[in-house]
Amino acid sequence: MAEVKLVALEKKFGDVSVIHRINLDIADGEFAVLVGPSGCGKTTTLRMVAGLEEATGGSILFDGKAVERLEPKDRDIAMVFQSYALYPHMSVRDNMAFSLRMKGVSSSEKKRLVGIAAEMLDITDLLDRKPRQLSGGQRQRVAMGRALVREPKVFLFDEPLSNLDAALRAQMRIEIKRIHQRLRTTIIYVTHDQVEAMTLADKIVVMNGGHIEQVGDPLTLYRRPVSRFVAGFIGSPKMNFFPARLLADESGLHADLGEGIQIEMPQERDAAYRPYAGRSVEIGIRPEHLLDDARLIDSGAVAMDVTIDVVEPLGSTSLLTFVLGGTSYTAIGDVALMRRPGARVRLRAAAKDIYLIDPESGRVVHPADDASTPVRLAV
Amino acid sequence: MTRRSGLQLLFLGLAVAVLLAFAAFPLLWMGLTALKPSTEIFTWPPRLLPEAPTLSNIERLFAQTHFVTYFKNSVIVSSAAVILTLLLAVPGAYGLTRYRFFGREMIAATVLFTYMFAPIMIIIPFYIVMRTFGLANTHIALVLAYCAFSLPFALWMLRTFFQSIPIDLEEAAMTDGASRFRAVIHVVIPMALPGIIATGILTFILAWNDYIFARILISSDNLKTLPVGIADLYNASVIDWGMIMASGLLVIIPVVIVFSYVQKFLVAGWGSGGVKG
């Protein structure tokens with residue numbers, strides 16, 4: 001187990017910089033998930049931690065010791081690959097024992113350690129098979145077993161679940177979490193799937209374009225995203241971003257969304273939002289906070305009247321799509337209301353669930369005193 | 001597979017039979033002639049099967065010529081050529097596959113280009129080089145020549161093999177605590193084995209069958225390889241066809257044995273690459 005620190009870590013391919021001097025602290029035993037769209041640099045970062053990619057600059061520290069010059073074999077890590085990367089010519093047992101063989105562990109000890117890992121992953125009866133005789137889910141388990149046997153300081157996972165179907169993915173997610181709860185080994189996990197990130201992580205690291213956008217626990221990222229990017233990336237369905245104009249009059253601040261829709265800004269955010277008066281802004285509201293629900297009528301909820309375009313029933317709720325100014329947005333409604341396309345409805349959102357985004361910087365404007373959940377900005 | 005009609009099958013069978021006869025009949029004739037006594041070889045009209053089969057041709061071959069020496073020389077030279085070629089080609093092809101360096105693709109292409117020179121074009125300069133180093137009329141010169149001629153295609157073929165091995169596997173081995181060298185030994189080479197064997201066999205055949213290099217580079221009789229040794233049987237005042245056919249038969253037997261044994265590797269080698277994870 002180890003604490004992992006990235007200090008001004010940088011990667012260039014020729015003149016092209018793909019990781020721009022990032023800093024990150026991962027505590028001992030923490031489950032950190034690097035998440036972002038493809039090409040954001042999350043896999044490159046992981047590969048630098050593994051030693052499979054050489055860092056152009058900066059430092060990688062395990063428990064305060066610089067490892068960036070060490071060979072992968074000397075870093076005491078174990079990695080699970082997206083492709084599983086099982087050795088096709090070896091049995092499952094030999095695959096799992098490979099790292100022990102490299103270490104020169106005695107064969108009785110090898111047997112014992114492989115046995116423990118196999119039992120933990122419920123693959124004891126597969127030990128004599130070759131990888132090609134296994135299903136995708138079984139291969140995934142073997143790949144994890146191979147990593148577990150090594151008892152490393154840090155586990156590295158590179159999109160390990162992306163080749164599995166949805167049901168299996170959900171199941172493996174739970175198992176990975178269970179293993180982490182049991183072993184408490186530091187994990188760095190790369191995924192592009194924000195649901196995986198939310199469900200697994202102690203700490204989510206949102207990456208974009210070779211930078212770290214934000215680091216925080218899942219709920220912090222959900223409640224207090226620092227940027228439009230994080231706000232849009234975390235949460236499903238995606239947050240709605242309404243282009244608007246912030247207007248000031250004697251009663252306070254309003255956002256004008258066009259088509260006669262005006263949203264009143266809450267009084268307590270007046271100080272934070274005031275500098276944007278008279279300017280173009282974006283208003284962000286998550287679909288799950290924008291409800292077709294009459295119960296929200298009081299308590300200072302804002303309202304907008306829209307025409308429903310598409311209705312997608314999900315069982316307990318429905319996704320309602322509506323169009324404003326040529327862009328589609330999503331809200332959530334009660335299935336019992338039986339909305340039909342073309343219906344005119346009044347959507348409501350609680351004032352606290354509204355975000356104001358400065359379109360120039362892409363930053364979410366958070367009121368200074370609204371510190372109900374702490375936010376950690378990336379350095 | 002598409003279904004074929006009976007007529008199509010018939011034509012296909014006929015075509016195969018013609019091709020087979022064309023390729024195999026001379027071999028058959030050679031084998032049968034080797035078992036005929038000298039008097040029968042020149043009878044007219046010629047007969048396919050020997051009337052009084054005999055091993056006297058083979059006996060004479062062993063008694064009157066240096067056939068055993070030639071055979072031994074061929075085995076030594078061909079095996080050494082295979083070992084040297086693989087020792088150079090495996091790391092070379094690995095380097096051309098896995099390391100990023102300036103001019104890599106150009107080197108790979110140029111290597112293949114050298115394969116397009118006919119041996120006869122470089123044999124004289126090659127001989128001069130060998131003589132300068134005092135290696136003319138040695139087996140070392142032959143081994144070097146065969147190695148030089150096999151290396152381009154060996155590099156090219158093995159490179160294709162290494163390219164088909166997912167790099168993830170090597171990286172997995174390295175994160176599992178193996179050095180690059182051990183990752184190659186434990187993961188890459190076992191997976192490339194069909195290709196390595198196929199390459200070895202092609203090199204062996206090239207060396208085993210070579211006439212030109214052995215003719216020019218070797219002058220001592222006790223260093224000659226089979227193709228040269230057998231050709232010299234034609235130079236006798238009386239050409240002993242029975243003995244020549246017998247030597248031909250004995251030359252192809254080991255090749256046939258090796259081929260039938262390693263056929264499956266060759267198919268894997270020439271086919272897919274055979275390394276699906």
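1. A word on terms before anything else: two strands pair if DSSP finds at least two bridges between them. With that in hand, take β14 (residues 280-285) and β20 (residues 354-357) of chain A, which pair in the antiparallel sense over four bridges. A:Ile283 has A:Leu356 in β20(A) as its bridge partner. Please keep in mind throughout that this is a predicted model.

2. That pair belongs to a wider arrangement. Chain A has an open sheet of six strands in the order β13-β12-β11-β14-β20-β21, with antiparallel pairing. Its edge strands are β13 (261-264) and β21 (364-365) of chain A, each of which pairs on one side only.

3. Now for some overall context on chain A. Its secondary structure comes to nine helices and 21 strands, and its C-alpha atoms fill a box of roughly 80 × 45 × 35 Å along the principal axes. Of the 379 residues in chain A, 42% are buried. Among the contacts in chain A with a separation of 6 or more, 68% are between residues 24 or more positions apart.

4. Within the mixed sheet, do β3 and β8 of chain A run parallel or antiparallel? Strand β3 (residues 31-35) and strand β8 (residues 186-191) of chain A run parallel, joined by five bridges.

5. Helix α3 (residues 107-121) and helix α4 (residues 136-149) of chain A pack at an angle of about 140 degrees, with their axes 9 Å apart. That angle makes α3(A) oblique to α4(A), because the label "roughly antiparallel" is kept for angles over 145 degrees. The crossing of α3(A) and α4(A) is right-handed.

6. Which residues make that helix contact? From α3(A) come A:Leu113, A:Val114, A:Ala117, A:Ala118, A:Met120 and A:Leu121. They meet A:Arg141, A:Met144, A:Gly145, A:Leu148 and A:Val149 in α4(A). The residues of this contact of α3(A) with α4(A) divide into nine nonpolar, one polar and one charged.

7. Five bridges join strand β1 (residues 4-13) to strand β4 (residues 57-62) of chain A, and the two run antiparallel. Here A:Glu10 stands opposite A:Gly57 in β4(A). β4(A) is also joined by two bridges to strand β5 (residues 65-66) of chain A, again in an antiparallel arrangement. In this pairing A:Leu61 stands opposite A:Ala66 in β5(A). The hairpin of β4(A) and β5(A) has two residues between the strands, and A:Asp63 takes a positive phi near 50 degrees there.

8. A:Asp76, in the loop between β5 and β6 of chain A, has a phi near 60 degrees, a positive value in a residue other than glycine. A:Asp76 counts as partly exposed because it has 16 C-beta neighbours inside 10 Å. A:Ala85, in the loop between β6 and α2 (92-103) of chain A, has a positive phi near 50 degrees and is likewise a residue other than glycine. A:Ala85 is buried, with 27 other C-beta atoms within 10 Å; the cut-off for buried is 20 or more.

9. There is a cis peptide to note as well. The bond from A:Ser236 to A:Pro237 is cis, with omega near -5 degrees. A:Pro237 sits in the loop between α8 (228-233) and β11 (240-249) of chain A.

10. Last, the interface. Here 17 residues of chain B are in contact with 21 residues of chain A. On the chain B side, the elements that give two or more residues are α8 (167-175) and α9 (180-209) of chain B. α8(B) gives the most to that side, with six residues. The chain B residues that touch chain A divide into nine nonpolar, four polar and four charged.

Note on methods
Residues are numbered from 1 along each chain as its sequence is written. Chains are lettered from A and ligands numbered from 1 in the order in which they are written. This is a predicted model: local features need pLDDT of at least 70, side-chain atom pairs count only at pLDDT 80 or more; totals for chains, interfaces and linings use all residues. Axes are lines fitted to C-alpha atoms, for helices over the stretch in contact, and angles run from 0 to 180 degrees between N-to-C directions. Angles under 35 degrees count as roughly parallel, over 145 as roughly antiparallel, 65 to 115 as roughly perpendicular and the rest as oblique. A crossing is left-handed if the near helix is turned anticlockwise from the far one by less than a right angle, and right-handed if clockwise. Two residues are in contact if their C-beta atoms, placed from the backbone, lie within 7 Å. Ala, Val, Leu, Ile, Met, Phe, Trp, Tyr, Cys and Pro count as nonpolar, Asp, Glu, Lys and Arg as charged, and the others, Gly among them, as polar. A residue is buried if 20 or more other C-beta atoms lie within 10 Å of its own, exposed if 12 or fewer, and partly exposed in between; C-beta atoms are placed from the backbone.
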